[in-house]
Each structure stands twice: as structure tokens, then as C-alpha cells.
Amino acid sequence: MAPSKTQIANAFKASKALGISTEEIRPVLRDLYKSFHKNWEHIEADNYRVLFDRYFEMQENKGEVEKRDERPGKAVHLAEGDQVSKRTGSSFELPLKHSTHSGNVQFPRHVASGNGRVHPERASAVSLTSHTNYFMKPKNEGSTNDAIVSAEQTSMRRPGPMNGAARIQRPKTDSNGASISREDKKSIIYKSDITKSTEKVPISLVDDVGIESLPKFNYIPQNIIYQNANLNISLSRIADEDCCPDCFGDCLSAAFPCACARETGGEFVYTPEGLLKEDFLSNRMALVREPDKQPHVYCQDCPIERSKNEDMPEKCKGHVVRRFIKECWRKCGCDMQCGNRVVQRGISCKLQVFWTPQGKGWGVRTLEVLEKGSFVCEYVGEIMTNTELYERNMESTGSERHTYPVTLDADWGSEQILRDEDALCLDATLHGNVARFINHRCFDANLVDIPVQVETPDRHYYHLAFFTTKKVNAFEELNWDYGIDFDDEDHPIEAFQCSCGSPFCRNINRKGKRR
Ligand SMILES: C[S@@+](CC[C@H](N)C(=O)[O-])C[C@H]1O[C@@H](n2cnc3c(N)ncnc32)[C@H](O)[C@@H]1O
């Protein structure tokens, strides 16, 4: 079927975001359309991957390319003779303050918050290297397709994907139509899959601001134990009453909810479509919006306070009581497609890491519409004890390194005394997944984190899963509320200056006070 004007406009829009002008992409689009026997779906698939593949292939074939390094993947520079200006360092680097307070070694803020929330507040210093091949701009080709011309006039600017790591000169005018001087020209960086094919779906990365750098970390799709974390995963620890060995197929379609639903009051929390049910979601969102009004539990010897000051720990500030989801697992009789196995099946939506224009560093956006209650991803990192995290951060003193940890404290209140090897956190600084790029937004974030029990009934360790709190449109940035108390001026670790843009930003009052 012939594409609609909007479909054609969208193709131009995706190209433009990569610095490819309509004139350049139009002939490629036209040829491809013909070769696909007018099947537009093939062109649109995977965010125009085939279109951009063909475009860059053609550039290479024209022999107008100039390779600059040995890095695998394609990289292009479309300017005639222009060099992409090299910038070093990352503009979002915020030094982690390993400050000592009254001589005591202080613990990073995210662990020391004491409000039962998780706080990945520090961005890691990404080591920025550029490994790029630059290509020359192809000759412009004239327009011959009226439908494509008129559709282009209605197009909007939006970033889009491209195959291979690429660096392209931006268009010669900025978004307001003003011309960009030779010096102002920036480059786009693109990587088609940061997951190294470890996820079911590729996750691309794009920087259309032109910072010329890639974040340095190792992508892992599942948590891994760093060293001392007490994590014993064995089937023998799962009692028969804590699983459903007699089930088969899909537990959600059984006449009665099985034992795995006991945790959530005898009802599964997922709908047959795999969405989180409304009441479970709203209960969790109330905790985010009004944490002080929610029930708290208090540990006798709080690991957070102990971390802050081992000799004279303060009283536990309390942990918000949070409801867990319990998913079926290996000892259960159901299959992998069972509706009570959502988080463990991994990421299935199209995500993209992008460089945020608001100075928040990298962020994550969805490339497709996400319905309310959709599972997006879990927070993956190294499972470590609080002490290990503390030591790791101490070792990095002076190196301007930021960290990406969250505390797994959803169940700390149920025990009076928690051993260090049981007080766990996830650190995604060195090894992590796409969630390490999700930025903070105060109160009205479109994601919420929910503890999920999968392979062990021991709640010191659990999965931290992100679900959408509302319908999220394609290309919207994903964010969650880290639960930072921006007014906590005595805190040893200075919180970042929040640029979340929320009308309820908790940092608004203190803007200008610090920094
Ligand atoms: C878990 S990382 C998120 C990814 C990060 N932006 C990056 O570039 O890797 C947390 C860090 O991102 C930055 N950040 C997150 N949310 C922010 C916000 N609302 N305003 C300003 N900076 C933010 C802060 O530097 C924070 O320490």
C-alpha cells in the first residue's frame, strides 16, 4: 500500500534528526520503495533501519568515504571537508563528594537517605573517547516524487535511529532555521545496540547534541554478584507452598489464582495483556507522592545509619513499607509464557539512550507508545553489600567518578538487625543495563520502581522493576523519582541541581542556594 503523507514525513523526520537532508534521503527512499515492491512496512521496520543502511552503503560505494579509525560499525561525516570538532570530557560530570564530616567517613547520599527509597544520584564520569569513521557528503539529488515533497513540508524534527555507530554533521541550519557556522557544527553519535545483543531487543544510543563521547560501562542484562553479598539461590529454599508445581501453561487463565498470587492478596497483579493492574500501581504511586503519610518500619540497627557512622549510628529514619510482586519461577509448573512472569522475560519495548538537552547527561526514552502499567526494564547492576559499595566509592576518591547505586531496602524493616552481607544494593557504575541512564523526576515521573521477588524468597535480594505510571508517548523521556530530599542540606553528599522540569520539583525552592 502507498505510504500516507504522515508516513513519508516521518521518514524525513527520522533522517533529518540524523543530519541527512530530505534531498539526500529522497532518492534512496524512492529506490527502496521500488525494490520492496511498494511495501512501505519494510522501510518503516525497526525505525527505518533498512533505509539508513542503504543510505550509508551508498555513500561507501560512491567511494566518497574517508575512514578515520578501526572501530567496527559504520560512522559517517557528511560535511564537505569539514572536521567534527573534538570536545573532551562530559558536561554532566558531577564530582561525587567523598567528603569527611567531622572526621567521619561519610556514605553516599543514595544509601544514606534513610527513607526507604532508592537513590542513584551520582552520574559516573564517563570516559569519553571518540572512535569514528568520517565520510564525505554525497552529491545532492533532485526531487522527483511529489508525494514525498509535500509530506516533507509537514514534518517535525525528531531524532531517529541508524545502523552502526555513526557521527554525522548536523544540518546547516538550526531548529529555528538560523544558519550554523563552521565552528558551531556539531556531530551526531549513534550506536545501534548498546546491549551487545544481550537483550531480546536492541537498545540504540544517540547524541544529537554532538558531545562526541560514549558512556563507558559494561552492559549486563542481569544482576551479577560482586563479592560478599549473601545470596543463596537454590530450589530447595523455595517451599512447596511458595510456588505452584501443579500448575501448567498460564497461571492467569486458571480457575483460581495459584500460591504465587498469595503474596499479593490472592490476586495476580498482572492483566492478561501483561500490564500492572491499576490498584497495585496506584498504591505504589501514593508511596512516591506522599511518602510521609505511608506506614514506615524502623530497624533497630539501621544499615544506612551504620554506614554513615559506624561508631555512633543514629536512629533509623524508617523505611516505607512497599508491596512486592511475586512471579512464578523454575519450581512452578507453568511455562515461560505464563502471565505471572513479566519481569523475568526481560525488556521487550523499544528504548533509546539519548543525550538530554537539559544538562542531565544521558537519559532514556521510549521509541514507541507505552500503555500505563507496562513493564519497561529492571535496574541491573552488581549486587554488593553496603560496605563494599562504601569501599568502592572511597577508592574512587579524587577521580571525579560518579556512581549509579540503588539500595535494596524494601524489606529491611522486617528485621531488627541486618547483617552487612544481607544489606544489599545494586551498583550499575561499572556493569549495568539501560536503567542506569534513567534520570530523576520529582513526584510525577512516568516510571515507578517496584520490588519483584523471583528466584528467592529471601527479600534481602529482589529485582527492582520499572513500570509506567501513565501512558507514555513515543520519544518521551522515561524518568523515575529517586526520592531525593533536596532540603537535606546537612547531607554529606550534595544532591545534583535538579532539572527535571516537573511543576512539583522539590529542588525549586533551593535553586540558587547551593552551587
Ligand atoms: C543514574 S544517573 C542517570 C543517568 C545520567 N544522566 C548519565 O548521564 O549517565 C544519575 C545522574 O544523572 C543526573 N541526573 C539525573 N536526573 C537529573 C535531574 N533531574 N536533573 C539533573 N541531573 C540529573 C545526575 O548527575 C545524577 O547524578
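## Terms and model

A residue is buried if 20 or more other C-beta atoms, placed from the backbone, lie within 10 Å of its own. This is a predicted model, in which local features need pLDDT of at least 70 and side-chain atom pairs count only at pLDDT 80 or more, while totals for chains, interfaces and linings use all residues. Residues are numbered from 1 along each chain as its sequence is written.

## Helix α1

Helices (DSSP runs of H or I, at least four residues) and strands (runs of E, at least two) are numbered from the N terminus. Of the 13 residues in α1, 10 are buried, so the helix is mostly covered. Among them are I8, F12 and K16.

The 13 residues of α1 (residues 5–17) should span 18 Å at 1.5 Å a residue, and the end C-alpha atoms are 18 Å apart, which agrees. The expected span is 1.5 Å times one less than the number of residues. After α1 comes G19, with a positive phi near 85 degrees.

Two strands pair if DSSP finds at least two bridges between them. Four strands form an open sheet in the order β9-β16-β18-β17, with mixed pairing. Its edge strands, β9 (224–225) and β17 (405–407), each pair on one side only. Strands β16 (residues 382–385) and β18 (residues 424–427) run antiparallel and are joined by 4 bridges. In this pair, M384 stands opposite C425.

## Residue G432

G432 lies in strand β19 (residues 431–432). This residue is buried because 25 other C-beta atoms lie within 10 Å. The C-alpha atoms of G432 and Q222 are separated by 8.1 Å, although the two are 210 residues apart along the chain.

Conventions:
A residue is buried if 20 or more other C-beta atoms lie within 10 Å of its own, exposed if 12 or fewer, and partly exposed in between; C-beta atoms are placed from the backbone.
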